[in-house]
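My comments are below as numbered points, to be read with the structure open beside them.

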Amino acid sequence: PVYWFFGHHVITMSTPMGRKVRDHFLNPPRGIPLGRARRKDIAAAGIERVPKTVGAKNGYPLLEDGRVLEVPNVIWCTGFAADYSWIDLSIFDEYGLPAHDRGVVESVPGLYFMGLPFQHSLTSALIAGVGRDADHIVKRIASRKSPTMDGRVRTSERGR
């Protein structure tokens with residue numbers, strides 16, 4: 001609970017500490033901590049991190065260093081990386097992420113993002129933390145003026 005409170009309410013883009021932590025994790029990209037397990041704790045639990053798997057030999061993983069792991073199970077953790085190469089707009093910041101305010105790209109009306117690292121807080125990219133950001137985006141979308149079928153402009157009642 002203390003860790004969650006700190007990551008959700010204190011380490012935010014609204015606080016100097018939160019902005020400093022964001023910069024620490026994004027420049028150079030280190031990734032945002034998603035758990036409390038440290039490498040030494042993982043090793044102490046008997047879990048071995050191994051080099052890249054380059055193939056299979058007799059049904060077992062063949063590693064880049066030539067070792068074959070004769071194991072009953074493989075847990076394949078690929079991770080992920082954001083790819084914005086398909087967006088042909090000048091909206092990116094010094095970290096290569098969309099420049100935004102809580103997911104709202106002010107320079108391109110109608111463009112929003114969800115799940116960005118530090119969208120608003122340390123917890124923004126986590127399932128349990130994304131709800132607050134989603135609520136903010138929904139309220140912004142609902143408050144936009146939009147034309148009706150007959151060309152008149154209406155304002156969403158919810159956004160007032």
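In what order do the elements of the protein chain run from the N terminus on?

1. The order is α-α-α-β-β-α-β-β, which comes to four helices and four strands. Please keep in mind throughout that this is a predicted model.

2. A few totals for orientation. The protein chain has 160 residues, and 22% of them count as buried. Its accessible surface comes to about 11,800 Å², with 57% of that belonging to carbon and sulfur atoms. Among contacts between residues at least 6 apart in sequence, 34% join residues at least 24 apart.

3. Spanning residues 16-26, helix H2 has Gly18, Arg22, Phe25 and Leu26 as its buried residues. Viewed down the axis of H2, these buried residues fall within an arc of 90 degrees, so they line one face of the helix. Pro16 and Lys20, on the other side of H2, are exposed. Helix H1 (2-10) is included in what covers the buried residues of H2.

4. Helix H1 also holds His8, which deserves a moment of your time. Is His8 buried or exposed? His8 has a relative accessibility of 10%, under the 20% cut-off, so it counts as buried. Its side chain makes a polar contact with the side chain of Thr123, at 2.6 Å. If neighbours within four places in sequence are left aside, His8 is in contact with Ser121, Thr123, Gly129 and Arg132.

5. Next, Ile137, which lies in helix H4 (residues 130-143). Ile137 counts as buried because its relative accessibility is 6%, and the cut-off is 20%. Which residues is Ile137 in contact with, leaving aside its neighbours within four places in sequence? They are Arg102, Gly103, Val104, Tyr112, Phe113, Met114 and Gln119. For Gly103, the C-alpha atom is separated from that of Ile137 by 6.9 Å, although the two residues are 34 apart along the chain.

6. Now for the aromatic rings. How many aromatic pairs does a search of the whole structure find? The search finds two. In one of them, the rings of Tyr84 and Phe92 have centres 5.9 Å apart and planes at 45 degrees, so this pair is tilted. Tyr84 counts as buried, at 17% relative accessibility, whereas Phe92 is partly exposed, with a relative accessible area of 32%.

7. The other pair joins Tyr84 to Phe113. Here the ring centres are 6.1 Å apart and the planes are at 80 degrees, so the pair is edge-to-face. Phe113 counts as buried, at 11% relative accessibility.

8. Tyr84, Phe92 and Phe113 form one aromatic cluster. Phe113 is also among the residues in contact with Ile137, and Ile137 lies in helix H4.

Terms used. Residues are numbered from 1 along each chain as its sequence is written. This is a predicted model: local features need pLDDT of at least 70, side-chain atom pairs count only at pLDDT 80 or more; totals for chains, interfaces and linings use all residues. Side-chain values use heavy atoms; hydrogens and water are left out. Buried means under 20% relative accessible area, exposed over 50%, partly exposed in between (1.4 Å probe, protein chains only). Helices (H or I, at least four residues) and strands (E, at least two) are DSSP runs, numbered from the N terminus. The arc is that of the directions from the helix axis to the C-beta atoms. Contact means heavy atoms within 4.5 Å. A polar contact is a pair of N or O atoms within 3.5 Å; within protein, one must be able to donate a hydrogen and the other to accept it, and residues adjacent in sequence count only if both atoms are side-chain atoms. Rings of Phe, Tyr and Trp (its six-membered ring) pair if their centres lie within 6.5 Å; planes under 30 degrees apart count as stacked, over 60 as edge-to-face and the rest as tilted. Accessible areas come from the Shrake-Rupley method with a 1.4 Å probe; for residues, only the protein chains shown count as cover.
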